[in-house]
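Notebook open, structure on screen.

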Amino acid sequence: MKVSKKVAGVEYAIRDIVLAARKVQQKGMQVDYLNIGDPVQFGFQPPDNVKQALIDAINRGDNFYSSSEGLLELRQEIAKKENAKGLSISEENILVTNGVSEGLDMVISSIVEDGDEVLLPGPYYPPYASYVRLHGGIPVEFQVDLNYSTPDIEDIKSKITSRTVAICLISPNNPTGVVFNENSLRELVDVANQHNLYIICDEIYDQIIFDEKFVGIGKVAGDSPVIVLNGFSKVHLMSGWRIGYIAFNNSSKLDNLQENLPKLARVRIATSLPVQHAALESLRGPQDYIGKFVSEIKKHRDLVVKRLNEMPGISCPNPKGAFYAFPKIETQQFGNDKNFVTKLLETKGVLTVHGSGFGEKYGSGHFRLVYLPDMQILESAMNKIEDFVSQ
C-alpha cells in the first residue's frame, strides 16, 4: 500500500535512538538515559498548586471543549508574560496549542508550500526540519558559532533565495544551549525585514538561563512579522500535559496569517481545558520553584562541561541555557557520530543522541546529552564516557 513520500522525511533522532537502547536492556545491561529533555522524568515535578488546579478543574466539571483559541484568562496571562519580554500584544494575538510541536506544525503548514525554503539554525531541534519536509518545503541550515552564541549573518544572507519564506530561531537552543544576545536578534530581524521573511522564534527555555539575562525577540521585534512559540513543558515542568502557545507580534504583515492559521485550531477542536487551568495557575502562582530548578541544573551543567572537557578527544562549549550539552568528537577513531553513540550505548550503557540527528551539516561530529539526572547518575555516566573515549 502507498505511503506518502513526505512522511518518509520525518525523523526524530531523540526518540528513534530509544529503540537501540531497548535492545541493550534486553541483554541485561542497565542504561543511563541521557537522551530526552524531560525534567519531570528526572524528578522535577510541577508545584502542588499547579497540580491542584488541574484536579480542581476536573472536579468542578471543566471537562468539556474550550474555545479553539484557548481559555480567555490564560491567553490574557500569556500576553502579559510576552509583553514583559518586549512584545506589545493582547489575548487576540495568542493561540493555545497542544505543546510547541503542534504550534510549530500549524505555523509551518500555514506558510510553506512545495519547494519553499526555511532557514534553520545549525544544529536545530529535529521537528523543525521534519515539519518543513512534511509540508513540501526544504530546510536550509545556517551556521551558528557555538562558543560565542552568535549566528553567522553573512552565511544567512548567502542562503536566502527567492523561495525562502522564514528564518527559524531557537533561543535558548536545543541541542546546543546557545542563547542569542540582543544585538544578534536585532541583526536577524533586520535581515528578515530586508527580504520580507517571517521570523519564527522558539523561546520554550526562556527562563532556563545560567550566566546572563535572557533577551526575548520581542524586545527588538518592532512591527516585524515575528511569531513566538512557547509553552509550559520545560520552565513550568508540565511536559506530559502537552500545552503551548503561538504569540503573533502586532504586525500588519501577520494579519493574513492570523486570519487563516486559527482554522487549523478549529479543525483539531481544542486544547485540554483542565490543563489550561493548570497552566493559568502556573503563571499566576508562586514562581520561586523555577529559580530553584535552574540553580540546581546549573550545578549539573558545570559538572558535565568540566568533565567532558577533561576527556581525551572531546571538547564541549559552555551552554548558556536549556539543559543540553553538545560535545564535539575531536578524534576520528570512532568513525562518524552515530557510530560513536551506538558503541557508547552498547559497551557502556549510556544513551546519548548523535549530533547528525540535529542536522547533517553542522551537527555531524557531535553528540548531545541531557544533564537533568541527579549528580550521582551524571558522575557515573561521565566516568563511563571517559572510560569509553580513553580506550
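How do α14 and α17 run relative to each other, roughly parallel or roughly antiparallel? I'm working from a predicted model here, so I keep that in mind. I looked up the pair: α14 (residues 288-309) and α17 (residues 375-390) pack at an angle of about 15°, and their axes are 10 Å apart. Angles under 35 degrees count as roughly parallel, so α14 and α17 are roughly parallel to each other. Their crossing is right-handed.

Next I checked who touches whom. From α14, the residues in the contact include Glu296, Lys299, His300 and Leu303. On the α17 side I found, among them, Met375, Leu378, Glu379 and Met382. I sorted the residues of this contact into six nonpolar, two polar and five charged.

The α4 and α13 crossing is right-handed. Ala53, Leu54 and Ala57 are among the α4 residues that meet α13, where the partners include Val275, His277 and Ala278. This contact of α4 with α13 divides into eight nonpolar, three polar and one charged.

On to the sheet. I traced eight strands in an open sheet with mixed pairing, in the order β2-β9-β8-β7-β6-β3-β4-β5.

I followed β2 to its partner. Four bridges join β2 to β9 (residues 244-248), and the two run antiparallel. Ile94 has Ala247 in β9 as its bridge partner.

Then β3 (117-122). Six bridges join β3 to β4, and these two run parallel. Gly122 is bridged to Gln143 in β4. Is β3 buried or exposed? I found six of its six residues buried.

Last, which helices lie across the strands? Helix α6 (residues 99-111) lies across β2, β6, β7, β8 and β9, at about 155° to β8. Helix α7 (residues 126-134) lies across β3, β4, β6, β7 and β8, at about 155° to β4.

Notes
Residues numbered from 1 in each chain as written. Predicted model: local features only at pLDDT ≥ 70, side-chain atom pairs only at ≥ 80, totals over all residues. Heavy atoms only, no water. Pairing = 2+ DSSP bridges. Contact = heavy atoms within 4.5 Å. Axes fitted to C-alpha atoms, helices over the stretch in contact; angles between N-to-C directions. Parallel < 35°, antiparallel > 145°, perpendicular 65-115°, else oblique. Left-handed = near helix turned anticlockwise from the far one by under 90°. Nonpolar A, V, L, I, M, F, W, Y, C, P; charged D, E, K, R; others polar. Buried < 20%, exposed > 50% of the residue type's maximum accessible area, 1.4 Å probe, protein only.
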